[in-house]
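I opened the notebook to go through the sheet, the cores and the chain contacts in turn. The entries follow the order in which I looked things up.

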Amino acid sequence: MAEAPLISLRGVTKTYGTGATAFQALRGIDLDIAPGMFAAVMGPSGSGKSTLMNILGCLDVPTSGRFLFRGHAVERLNRDQRALMRRKYLGFVFQGFNLLSRTTALENVELPLLYRGDDRALRREAAMNALDQVGLKDWWDHTPAELSGGQQQRVAIARAIVTSPDVLLADEPTGNLDSERSVEIMKLLTDLNRAHGITVLMVTHEPDMAAFAQTVIHVSDGVIGRIEHNHHGAAEPVR
Amino acid sequence: MLGTVLLLALRSIRRHVLRSFLTVLGIVIGVAAVVAMVTLGKATTAAVQSQIAALGTNVLQVRPGQGFGRGGGGPRPPEFEMADVEAIRQQVTGVTNVAPQEPRAATAIFNGANWSTTITGTTSAYFAVQPWPLTAGRIFTPAEESAGKAVCILGSTVESNLFRSQPAVGQRMRIGDVSCDVIGTLSRRGQSGFGGDQDDTVLMPIKTVQRRFTGSPDVSSLTVGVDQSYSTEQVQSALTDLLRERRHLSPSQDNNFNIFDTKQISDTLTGTTTLLTRIVAAVAAISLIVGGIGIMNIMLVSVTERTREIGIRLAIGALAGEVLMQFLVEAIVLSCIGGLIGLLLAQVAVAIIAPLMQVPWMFDVEINMIAFGISAMIGVIFGYFPARRAASLNPIDALRHE
């Protein structure tokens, strides 16, 4: 990899609790994520993949080790600094969609822009663009209850990309969807990765979905097991 | 940031109209109760004060006997006489005027119509010690007073019952066996604070009443006007000394007359109604506090219910301070809306209840502002705890919350 990594982890550990009840979720992770990468993190439950994603998503801090984001050390940021990191550079997609209920798709998508302090016209335009990218422009005034699961996840993706983040973190994005919808969502993520150069980091336990990624990172017992590279260029999964 | 937070808070309130309404119901009722109670209380005080003002402010009523009425057994205390009137006016400092009164029941007759009323013999000083404007005509002249002329001034009840709509002034009528000229008519005063129609009266020169009706020089009561710059207490004690001397009371004897200070009654009654207003307002204020606790309860439930929402907001980059502000502003906006609805409700309640209580309608700016201020403060106080709880949530745990 000639390019400087976007994200770089060195010897990252995470321990929950202290003393006898302490549980070490991560036992020293070294990982580089290049810009424009589409990586899937796989592993059984309890392997530490969620902890890893929380640290990468600046939702949590490592107990020890280095975390460089664009060359800046971010492992000791405080709560508000991490919130600003998430606001500026990161987008999140969750398994449970996590849209605000009784809130239109448009208002859901413009929420991150509200916190960024953009004015109304700018918000509307950016949010409509994002909805257009996920193919839901005509559904902007529908609330989550009026949308299918696949559509809800698309709205969530629109919300994640509306701020033009460096990294899109997706935690089991297809976990609540049937296989057809899952493939649609994966295609959308692949498309965003390819066309817009957004780095995508995705946690999944489904090999079918991981197959969409260029890189599959296997985590077990708090360490990285092996890293696979798919040479299909993340176009079509090998079935 | 405040604009953003305000927008978020308003959106959240708009999306949960029923929940928001139930949240503020306590505030609405509390504010309405406090404002309505205090306003009605103040209106009652004002009504009592205006009734007492009708008796004349800064006047002392002097009657024979001890306390109210003439007393039970024992010899009848002596009445006053006209010499007392002069003596008081000249010898007691701070006295502006003294009006003697001698009432007597009599029948007034005009044009075949009869009306049983009370005639009161007095002097022109009567009009100086208390405000009671005439609607037509004039008061007694000194010549009429000293000569004991048969002239009379009619109260509005007597006037309307005998003369209907025709002018009374200038007419000749009969009172008992005495034929007299109507020289004036009095404006309407209404019921006295102690019941009884104050307008059912006929005023005549006291000399005329003494000569033609009672046949004695007695004066049964005195109304003493006190100069504004003197305290009624001061004048009352000087007056007591003078009357004791004039009525030859030894130091061991009790007063055989009593002095009634309308200012004292006014102060007492005003004090009583003000106290009652405060007690009722305090009870209503408790309901306002209960309303505030209601806001806190629902906000706390709301924080739990909205844990996932808070997690989403934190995950996409909301600062803890922004979440805190959003919940706080929500609580403040809610309680202010509740306060405003409560104020409206209170005005409606006052408009309905005031006529039933026979007190004047009023709008008291002060209590409305205080109540609104308190409702906003309740939002801050009872909204802070739930808001802080929301802001301190860990985004990872909050997102996992079902």
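Predicted model: local features only at pLDDT ≥ 70, side-chain atom pairs only at ≥ 80, totals over all residues.

**Entry: where the chains meet**

With that cut-off I found 17 residues of chain B in contact with 20 residues of chain A. I then asked which helices of chain B each supply at least two residues of the side that touches chain A. They are α1 (2–15), α10 (307–315), α11 (320–357) and α13 (395–400) of chain B. The largest share of that side, five residues, comes from α10(B). I sorted the residues of the side of chain B that touches chain A by type and got 11 nonpolar, two polar and four charged.

**Entry: the sheet of chain A**

I traced an open sheet of six strands in chain A, in the order β6-β7-β8-β3-β9-β10 and with mixed pairing. Which strands stand at the edges? I found β6 (90–93) and β10 (223–229) of chain A there, each with a single partner strand, so one side of each has no neighbour in the sheet. Ignoring direction, neighbouring strands of this sheet are turned by 20 degrees against each other on average.

I went on to the pairs. Strand β9 (residues 215–220) of chain A runs antiparallel to β10(A), and five bridges join them. Within this pair I located V216(A) opposite E228(A). I then looked at what packs on the sheet and found helix α1 (residues 49–56) of chain A, which touches β3 (38–42), β7 (167–171), β8 (199–203) and β9 of chain A. The direction of this helix makes about 150 degrees with that of β8(A).

**Entry: strand β8(A)**

I checked the strand for burial: five of the five residues of β8(A) are buried, so the strand is largely enclosed by the rest of the structure. T199(A), L201(A) and V203(A) point one way from β8(A), while V200(A) and M202(A) point the other way.

On one pairing I counted four bridges between β3(A) and β8(A), which run parallel. Here A40(A) has M202(A) as its bridge partner. For β7(A) and β8(A) I counted five bridges, again with parallel strands, and A170(A) stands opposite M202(A). I also followed the chain from β7(A) through helix α6 (residues 179–196) of chain A to β8(A), and these make a right-handed β-α-β unit.

**Entry: nonpolar cores**

Which residues have the most contacts inside the largest nonpolar core? They are V41(A), A158(A), V31(B), V34(B) and V35(B), in a core of 129 residues. Helix α2 (residues 17–54) of chain B gives the largest share of this core, 14 residues. For V41(A) I left aside neighbours within four places in sequence and listed its contacts, among them K49(A), L52(A), L201(A), M202(A), I217(A) and V219(A). I noted a second, separate core of 48 residues, which includes F80(B), V92(B), I139(B) and L222(B).

**Entry: A126(A)**

I placed A126(A) in helix α4 (residues 120–133) of chain A. Is A126(A) buried or exposed? A residue is buried if 20 or more other C-beta atoms lie within 10 Å of its own; A126(A) has 21 C-beta neighbours inside 10 Å, so it counts as buried. Not counting residues up to four places away in sequence, A126(A) touches L113(A) and V162(A). I also checked A126(A) against I157(A): they are 31 residues apart in sequence and 13 Å apart in space, C-alpha to C-alpha.

Conventions: Residues numbered from 1 in each chain as written. Chains lettered and ligands numbered in written order. Contact = placed C-beta atoms within 7 Å. Nonpolar A, V, L, I, M, F, W, Y, C, P; charged D, E, K, R; others polar. Pairing = 2+ DSSP bridges. Axes fitted to C-alpha atoms, helices over the stretch in contact; angles between N-to-C directions. Buried ≥ 20, exposed ≤ 12 C-beta atoms within 10 Å, placed from the backbone. Right-handed = clockwise from strand over helix to strand, strands pointing away. Core = buried A, V, L, I, M, F, W, Y, C linked by C-beta atoms within 7 Å.
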